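Here is my note on this model. Please read each point with the structure open.

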Amino acid sequence: MEFKIGLLKGDGIGPEIVDSAVRVLETIGEKYGHTFDFTPYLIGGCAIDATGKPLPEETVTGCLNSDSVLLGAVGGPKWDTLSGDMRPEKALLGIRAAMELFTNLRPAKLYPALKGACPLREDLVEKGFDIMIVRELTGGIYFGERGYREGKFGKEAYDTECYSVTEIERIARVACDTAMKRNKKVISIDKANVLESSRLWRKVVHEVAAEYPEVTVSDMLVDNAAMQLVRNPGQFDVAVTSNMFGDILSDEASQLTGSIGMLPSASLGATKRGLYEPIHGSAPDIAGTGKANPIATILSAAMMLRYSFDLTAEADAIEKAVDEVLEAGLRTADLVGDSDVKPLSTDEMTDEIIKRI
């Protein structure tokens, strides 16, 4: 099979980690008989330097003509003084909107080999955990009506949480479809005891869940969900929630894994085409030093194979290779901690993963 992949390497360590993922995908292609055609496009600070825009039209067109897109990271202090509409980070919202991506899949997995890096007590995470947070990406309070007005105590600001039936239906289906590929358990997180939007959310989620008799769907209030993530993270399989709640809870979950250098993500829409990226930033302070952990980007590439290309065995092969590298005690600098383990460079870690595919 042949696939066209757009590469948005971006800034800082972005080019290094994307190059690592490309090497892994090329290895997968050789082993399983696939052809991946990679085309790089500019985004973020490097795009500003070259074109004066964080998201050139050529990049948008190229991504829309790709089967899927792999993104590194954008931003850095060089561009921090620019106005908001010209900041590198503005390109992320722009490309997600252009690609009509309304779902963010963000796994938070604690590998047993890394349980010592988790801030929770060992007895709580002895068996590790593997959570998939399904976050609605284009609705809710971040996109609702906002402004200033005269209120009870004078001038006040307001932001509005709005969700339509259509928006809830489509994210609920993504959650259930995702659960069907995992342990067939969904926890829907809301604030239905207070918010009208959450009451509609809960109602519609259960209507959609009726279409998936194999999937068990339960509800959890967001404040309880925040507590349960640190009390018993292993109880979660797939968690689906709104834009703001997902933003907060996915960050909380990421900190339980010990290093954000391990965590991939996917942004999806109504088609198979998606945008795949690590959750960490551009880390300009270590750019070019070989210290960047490529695993999150490599696992993002595995998510691309699984969710956009339906290449399950190929995705499994990458994820298994990462497991084996960690079980062998191999670490990049961010995973070493206080141990005396000699850290591997970005390229060395990539080499070790490739060896095991």
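1. Start with Val222, which lies in helix α7. Helices (H or I, at least four residues) and strands (E, at least two) are DSSP runs, numbered from the N terminus. Val222 is buried, with a relative accessible area of 15%. Buried means under 20% relative accessible area, exposed over 50%, and partly exposed in between (1.4 Å probe, protein chains only). Leaving out residues up to four places away in sequence, Val222 touches Ile189, Asp190, Lys191, Phe245 and Leu249. Contact here means heavy atoms within 4.5 Å. Pro88 is 134 residues from Val222 in sequence and 32 Å from Val222 in space, C-alpha to C-alpha.

2. A word on the source. This is a predicted model, where local features need pLDDT of at least 70 and side-chain atom pairs count only at pLDDT 80 or more, while totals for chains, interfaces and linings use all residues. Residues are numbered from 1 along each chain as its sequence is written, and side-chain values use heavy atoms, with hydrogens and water left out.

3. Now look at helix α8 (residues 243-255). Its 13 residues should span 18 Å at 1.5 Å a residue, and the end C-alpha atoms are 19 Å apart, which agrees. The expected span is 1.5 Å times one less than the number of residues. Which residues of α8 are buried? They are Asn243, Phe245, Gly246, Leu249, Ser250, Ala253 and Ser254. Seen down the axis of α8, they fall within an arc of 150 degrees, so they line one face of the helix. The arc is that of the directions from the helix axis to the C-beta atoms. Their cover includes β4 (101-110), β8 (185-190) and α7 (222-231).

4. Helix α9 (residues 295-308) is mostly covered: 14 of its 14 residues are buried. Just after α9, Asp310 takes a positive phi of about 55 degrees.

5. Next, a helix pair. Helix α5 (residues 165-180) packs against α6 at an angle of about 50 degrees, with the axes 9 Å apart. That makes α5 oblique to α6. Axes are lines fitted to C-alpha atoms, for helices over the stretch in contact, and angles run from 0 to 180 degrees between N-to-C directions. Angles under 35 degrees count as roughly parallel, over 145 as roughly antiparallel, 65 to 115 as roughly perpendicular and the rest as oblique. Residues of α5 that meet α6 include Val165, Ile168 and Cys176. Among their partners in α6 are Leu200, Trp201 and Val204.
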